[in-house]
Amino acid sequence: MCPSIDSMVSLTPTLVLLGSMLCVKESRGAILSMLDDQLNQKFIEKTKAKFGYLETTQQCTIFVPPDEEIAKTDPFNVQYHIANLAHRLYSLPPHIVSERKAGPFIYITKVRGDDEDQLAKVFVNQAEIKMSSTKYIKDPNQALFHINRVLEPLRVGGGGEHDIFVKEKKRHPNAYELVLYDTGFKLDNHRLKTQNQSNGDRDGDGYDKADDWNTMLNKRGFYTFFIPTTAALQTAGITHITTNIGRLHVYERCVLFPYATDEDYELECKRHAEEEEYAADITEETRGDPTEETTEGKVTKKSAATEEKTILRDKKLKCFVSFAYEKTSKHPYVRSMVVEGNQYERSVVVEFAKPNIPVKNGVVHLIKNVLCHIDEKVVSAIKNPRITNAKYFSTFAAGIKSKIWDDLDREALLTAFIPINHTHINEFMSSLEEGSLITAGVSEIPLKFYFLPDPHEKGKERAIVECRGHNTSVELFDMDKENGIVHLVYDMLGFFSGTIYDRMASDEFQSYRDTLRIADFSGFNEEIKKTNQKYTYFVPSREAWESIEHQYPPAKKHLFTAEFRVESRYLLERHLVINDEYTAEDLATMTRTVARAIVLPLLRDFLRIKVSRIRDYLIRYNSLEIKIVHRDIYCSNGIFHVIDSPFLEKEDLTIIRQVSETDRLRCNVRFSCASFVILTAVNILFYQS
């Protein structure tokens, strides 16, 4: 049946609108018509200037980043996301020439799965391709890949003669040209020239000290360059990059990007025979005259040789380089490991100043320190950290008396855990009294370490540190210093800003699940949520309740029901001391002082216990001996200790059993009475009918 004239008129605007939308999509080019107008709105706007080219071109490959990532990048270069040949996912070559001026390369990294024939992941520079979202069309051959990050090319900037260099050569610079003309490129204000490159520094025989370093940077092929910035070299006390230092920072026949390279992938820095001979020459030179005259006065040759020695001059040592990532944020670093024999001796973690700079002969990563070079102590790493995320903790460190730092600095071997969660650090700082200085004393604070499967990375583990019952993850481990080692952790050890209830409810191992469940029936949890009171809470662990179930199975069954909420509340009140917070050592000291059971106030009664310490802290409650499993768990409204058994004796179990039998009897009486009433009513109705 045909629609009426009125219906046809009402449909006309809709048909016109659909027609216009189709025209818009066709005008984008065939492959771009597959993009979502809303999800890829910014990318479509940026590619308007290329619509004509994409319509007429025979082939192209397009890499499309998310709009939210494009919004963070200014300016966004769309030409660097387009190649003039069509490539399918499995046939992507190691490098592709982009449509950007001078044709800079786009580098491809393929990650194989357990089966070598299967692709697990594919990366374009540092961006991962969403393999399930790839699209292809024929006639013309075009390919579209969605990626999770923006691709950033090397940008020209700064003005002056260095701009002319790029324009006249009409080609993309290599690593050497990047360093030589560093002010002509946008490198986030980082400078790369060494002192001898700037001044033409030569030794007595007219040999340019930078020649070997420049040769390494100017080589043809594909390399990964880790180039320390000028500021990094100055901090390390290095005036020029020698052959030995240079080889630690250049790796051939590979182009490695963070995120595209797994942290288990290592590159070995190989030593050449001539370098070993040079090391012997330096040793011989230092045996002669230890000083030489220069225009600036006497310079000690021995110190220069010592500097070389610290940058891996021992021929027995080897160096390996890999990437490292923070566990939570996945923030990347470069790790260099100095190895003697088959054992790792030292690990140096360096932060990127500006990573992922594509050049003609590979990729350049600017770094904030020299690889395989340890030139700071643990205290310096805390107070004046070179890693950005560790600087939040330095604010807290500034409030500690300088004498404490001086004493620590003289220690021969230290291990430091530096938190990086600035929100948690600020909460701790806010909890301190205004204007107070933090002091330190000798006390035993046990640390426990767990290695758990990483839920985000198959086959990987994450390390957990437990301090006073509070857990935090190790974000970055094994950063060696001159007198110890530093690890980055997420939260401050042993501190929690919430209430006792918050801490128990947020425990990722659900250690306090049963105690919270019993307390819910009687509303007892509302007590430990209060912030205007201080408590000391003895919390039975999950294993404690399981042991009660084995000793007397009905007890746990009855306590975990709403009918026994009065009895369960009375039992839990026995575990909650009010008006003050006591550490395990406080309780043991009080017991030793009075030489008898100490009396502590409860909500409606008093708790009489003895606390002693032989190896572990033990609580004597009447006839029970209970072990404190985790002690001194500090929260904003008090402190709690985890115990391996509740304050529950046989007499309590007898009372519970009697109450249970009474309730069962009452239930049977009610059932019998109800049955009698029903039967009587049925008989009456039967006889009446």
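**Figure 1. Cys-467 and Cys-319 in the predicted model.** Cys-467 is buried, having a relative accessible area of 5%; buried denotes under 20% relative accessible area, exposed over 50%, and partly exposed the range in between (1.4 Å probe, protein chains only). Cys-319 is likewise classed as buried, because its relative accessibility is 0%. A disulfide is a covalent bond between the sulfur atoms of two cysteines. In a search of the whole structure, zero disulfides are found, the criterion being a pair of cysteine sulfur atoms within 2.5 Å. The structure is a predicted model, in which local features need pLDDT of at least 70 and side-chain atom pairs count only at pLDDT 80 or more, whereas totals for chains, interfaces and linings use all residues. Residues are numbered from 1 along each chain as its sequence is written, and side-chain values use heavy atoms, with hydrogens and water left out.

**Figure 2. Salt bridge between Lys-460 and Asp-264.** The side chains of Lys-460 and Asp-264 form a salt bridge with an N to O distance of 4.0 Å; the term requires a side-chain nitrogen of Lys or Arg within 4 Å of a carboxyl oxygen of Asp or Glu. This pair links distant parts of the chain, 196 residues apart: Lys-460 lies in the loop between β19 (447–453) and β20 (461–467), and Asp-264 in the loop between β10 (250–252) and β11 (267–269). Helices (H or I, at least four residues) and strands (E, at least two) are DSSP runs, numbered from the N terminus. Lys-460 is buried, at 16% relative accessibility, whereas Asp-264 is exposed, at 56%. Both residues belong to a network of salt bridges that also includes Asp-262, Glu-263 and Lys-327.

Figure 3. Arg-191 pairs with Asp-182 in a salt bridge whose closest N and O atoms are 3.5 Å apart. Arg-191 is partly exposed, with a relative accessible area of 32%, while Asp-182 is buried at 2%. In a second pair, the side chains of Arg-513 and Asp-514 meet in a salt bridge at 3.4 Å, N to O. Arg-513 is partly exposed at 40% relative accessibility, and Asp-514 is buried with a relative accessible area of 4%. The search of the whole structure finds 24 salt bridges.

**Figure 4. Negative surface patch at Asp-114, Asp-115, Glu-116 and Asp-117.** These four residues, Asp-114, Asp-115, Glu-116 and Asp-117, form a negative surface patch. Patches are made of residues with over 30% relative accessible area and no salt bridge; like charges are joined within 9 Å, and nonpolar side chains (Val, Leu, Ile, Met, Phe, Trp, Tyr) within 5 Å. Lys and Arg count as positive and Asp and Glu as negative, with His and the chain ends not counted; the place of a charge is taken as NZ of Lys, CZ of Arg, CG of Asp or CD of Glu. Asp-115 is located in the loop between β4 (105–112) and β5 (119–124). Asp-115 is partly exposed, its relative accessible area being 41%.

**Figure 5. Nonpolar surface patch that includes Leu-447.** Ile-445, Leu-447, Phe-449 and Phe-451 make a nonpolar surface patch of about 380 Å². Accessible areas come from the Shrake-Rupley method with a 1.4 Å probe; for residues, only the protein chains shown count as cover. Leu-447 is placed in strand β19 and is partly exposed, with a relative accessible area of 33%.

Figure 6. Asp-74 and Pro-75 are joined by a cis peptide bond, with omega about 0 degrees. Pro-75 lies in the loop between α4 (67–71) and β2 (82–83). Ala-102, a residue other than glycine, has a positive phi near 75 degrees; Ala-102 is found in the loop between β3 (95–97) and β4 and is partly exposed at 34% relative accessibility. Asp-188 also has a positive phi, near 55 degrees, in a residue other than glycine. Asp-188 occupies the loop between α6 (175–180) and α7 (195–199), where Asp-188 is partly exposed with a relative accessible area of 48%.

**Figure 7. Lys-391 and Ile-420.** Lys-391 lies in helix α14, which spans residues 391–397. The C-alpha atoms of Lys-391 and Ile-420 are separated by 7.9 Å, although these residues are 29 residues apart along the chain. Lys-391 is partly exposed, with a relative accessible area of 43%.
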